[in-house]
Amino acid sequence: MASSPVSRVVYNGKRSGGPRSPGAGSEIFTPAHEENVRFIYEAWQCVERDLRSQMGSERSLVEEYVEKMPNPSLKAFKPVDLGDLKRRNTQDAKKS
């Protein structure tokens, strides 16, 4: 089984004019992949626009979900700071 390189996708909303062709170090994206990335990008733009417009109005477009009857077994739950966890894991990996 041949191994393939790990792909990294970065999308900034800009599209090139022509079809992509393979070259040294470039990646090939299928039309379905590009459609999915475009959909997610456009949906996120709508969320950001709604958040910006909400700041000047009284009516909130975004609501925070709060349970009416919280689960008693989650009373002691403390949220995890994922950024801090990642930093600690990165530091631990450098030490070993």
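**Figure 1. Helices and strands of the protein chain.** The predicted model contains 2 helices and 0 strands in its protein chain, assigned as DSSP runs (H or I, at least four residues, for helices; E, at least two, for strands) and numbered from the N terminus. Of the 96 residues, 2% count as buried, meaning under 20% relative accessible area, with exposed over 50% and partly exposed in between (1.4 Å probe, protein chains only). The chain exposes about 9700 Å², of which carbon and sulfur atoms supply 57%.

**Figure 2. Helix α2 and its start.** Helix α2 comprises 14 residues (82-95); at 1.5 Å a residue it should span 20 Å, which agrees with the 20 Å between its end C-alpha atoms. The expected span is 1.5 Å times one less than the number of residues. At the start of α2, a side-chain oxygen of D81 comes within 3.1 Å of the backbone nitrogen of G83.

Figure 3. W44 belongs to helix α1 (residues 31-54). Because its relative accessibility is 49%, W44 counts as partly exposed.

**Figure 4. N71 in the loop between α1 and α2**. N71 counts as partly exposed because its relative accessibility is 39%. The side chains of N71 and S73 are joined by a polar contact of 2.8 Å (a pair of N or O atoms within 3.5 Å; within protein, one able to donate a hydrogen and the other to accept it, with residues adjacent in sequence counted only if both atoms are side-chain atoms).

**Notes.** Residues are numbered from 1 along each chain as its sequence is written, and side-chain values use heavy atoms, with hydrogens and water left out. Local features need pLDDT of at least 70 and side-chain atom pairs count only at pLDDT 80 or more, whereas totals for chains, interfaces and linings use all residues.

Definitions and conventions: Areas by Shrake-Rupley, 256 points an atom, 1.4 Å probe, with all protein chains shown as cover.
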